[in-house]
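Please open the model in a viewer and keep the selection tool at hand.

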Amino acid sequence: MATIRIPTPLRKLTQGKEEVTASGATIGALIASLETQYPGIKERICDDAGQVRRFVNIFANDEDIRFLKNLETPVKDSDEISIVPAIAGGDRQ
Amino acid sequence: MTAAVSNTNTSLVKGLKCRECGNTYDKAPIHVCEFCFGPLEVDYDYASIGKLLTRAKIESRPHTMWRYAELLPIDGPPSVGQATGMTPLVRADRLAKRLGLKEVWVKNDAVSFPSLSFKDRVVSVAVSKAIEFGLGTIACASTGNLANATAAQAAAAGLPAVILIPHDLENAKVVGTSIYGAKVVGVKGTYDDVNRLCSEIAGKYGWGFVNVNLRPFYAEGSKSAYEVAEQLGWKLPAHIVVPMAGGSLVTKIGKAFGELEKLGLVSAPARKTRIHGAQAAGCAPIIDMVLENRDQVKPVKTPTSIAKSLAIGNPADGFYARQTIVGSGGWAAKPTDDEIVAAMRLLAETEGIFAETAGGVTLGAALRLIETGHIGKDDGPVVISVTGNGMKTQDPLVGTLPEPQMIGPRLSDFDDMWNRK
């Protein structure tokens, strides 16, 4: 299971948890898995077309997924994923 | 910490509105939509402003940015920067001749009060707004000019300032910040790292970060385009070339021209003002969006340009900046470092204006846009937006200019030197 750091504004949906775990082979699959655990979270991260919202950044082990393969970026169990609103910032290690 | 602050003044600001999804919010030190994370923007009551604001009223007021007070988002009189704004718009005939253009103007924010860059306007608004919100500490993430402006205005307001900058900033910009008594923190990383850190600090410490949680208000302060239009005799230029870092200035210039038309303060020109963007080749994420016809920012990981004040690899307003440029019929250009230095010299030698590296980027871009025909030889007024002062960014010029010639103190020493040539 990969670790996902949740920014403050989305913690209402994760029962206040700053960090959650989810499984999935790609970032896209991880978001789908998050949605089953925490319904409503996907629409906050992705737009109607399923793409990551313009003002949301996702980092895989410190690397912006825009430099990788976007939603197709592969994820390993040991990976740490951060969801960071582009202009709002948020916790990130 | 983001509880809405009630406002008892008669205000022409309705609140804040998300640029992406349209959600509305009360006036507060917040900058991001809770739902979609889009940027919030000040939502004005234009119907009321239209009834209040006339050319005559503006012209009767002092020559500062506050002559357009109704279009700025503070509710009372400004607490700082009362003398800021209304920098010279210089008719640049010698430069025009060199460029092969008919009419060129330089908007000279290199002499802005108090800290010699266009950031004085945005900070005057942001610090005044922070005081209205009762925020006790002023802070910012900065590539330099904003650091200077924020530290100066916070000092003038008697408030403590915390300024976060990239660790490798030009010495002049560091000194020009520390002098005001601000706490300066150098972050080992790029500006984008600094910016991200500031977002986290803003959330945790509850400070007034001028370009983070005060950003919707701050950004309104960059509407120098009102000044340009008035200084041109209540006319919009044919072209304006604007430097871009985060992309806020160019967006707000587009907005301000639109507002002036909407309010009937200028008449709509036969052809819309073409707004052109300028970035350095070493960090041009917004230019590339225009050139490659793409509306997603592809962040530049490691900016490599002498124009450090523009070195924002992940521009917050990149999407809107591109939209402004393309929507106006404008274009974009990214000069190299050599072209930037050459343009700084050209501006200094033709007009006596020493712009910072970003000014070299702007003029360098204009030269390219003339070459590609995006700015036509016979077009009307072309405005070059100079946003900062060259005294702050001298490092890249070292070694590119002739060294002073050394002579002895006697007249014969001078005669020898002069006649030798």
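Among contacts in chain A between residues at least 6 apart in sequence, what percentage join residues at least 24 apart? The share is 52%. Please note that the model is a predicted one.

**Stop 1: chain A**

Select chain A and colour it by secondary structure. Chain A holds 2 helices and 5 strands, and from the N terminus on its elements follow the order β-β-α-α-β-β-β.

**Stop 2: chain B as a whole**

Now select chain B, which has 15 helices and 13 strands. Its radius of gyration is 21 Å, close to the 22 Å given by the globule rule for 421 residues, so chain B is as compact as a globular protein of that length. The C-alpha trace of chain B covers about 75 × 50 × 45 Å along its principal axes. Buried residues make up 57% of the 421 in chain B. Among contacts in chain B with a separation of 6 or more, 69% are between residues 24 or more positions apart.

**Stop 3: where the chains meet**

Display both chains and select the residues of each that touch the other. Here 18 residues of chain B are in contact with 18 residues of chain A. On the chain B side, the largest share, 4 residues, comes from helix α7 (residues 191–205) of chain B. The residues on that side of chain B comprise 8 nonpolar, 4 polar and 6 charged.

**Stop 4: a sheet of three strands**

Select strands β1, β2 and β3 of chain B. They form an open sheet of 3 strands in the order β2-β1-β3, with antiparallel pairing. β2 (24–25) and β3 (40–44) of chain B are at the edges and have a single partner strand each, so one side of each lacks a neighbour in the sheet. Strand β1 (residues 13–18) of chain B is joined to β3(B) by 5 bridges. To see one position in this pairing, select B:Leu16, which stands opposite B:Val42 in β3(B).

**Stop 5: the nonpolar core**

In soluble globular proteins, nonpolar side chains tend to be buried together. The largest nonpolar core in this model has 158 residues, and B:Ala126, B:Ile163 and B:Leu310 have the most contacts inside it. Centre the view on B:Ile163. Leaving aside residues up to four places away in sequence, B:Ile163 touches residues including B:Ala139, B:Cys140, B:Ala151, B:Thr177 and B:Val185.

**Stop 6: helix α10 of chain B**

Finally, select residues 248–262 of chain B, which form helix α10. This helix of 15 residues reaches 21 Å from its first C-alpha to its last, close to the 21 Å expected at 1.5 Å a residue. Is α10(B) mostly covered or mostly uncovered? It is mostly covered, with 11 of its 15 residues buried; among them are B:Leu249, B:Ile253, B:Phe257 and B:Leu260. Just after the helix, select B:Gly264, which takes a positive phi of about 75°.

Definitions and conventions: Residues numbered from 1 in each chain as written. Chains lettered and ligands numbered in written order. Predicted model: local features only at pLDDT ≥ 70, side-chain atom pairs only at ≥ 80, totals over all residues. Contact = placed C-beta atoms within 7 Å. Nonpolar A, V, L, I, M, F, W, Y, C, P; charged D, E, K, R; others polar. Pairing = 2+ DSSP bridges. Core = buried A, V, L, I, M, F, W, Y, C linked by C-beta atoms within 7 Å. Buried ≥ 20, exposed ≤ 12 C-beta atoms within 10 Å, placed from the backbone. Expected span 1.5 Å × (residues − 1). Rg over C-alpha atoms; globule rule 2.2 N^0.38 Å.
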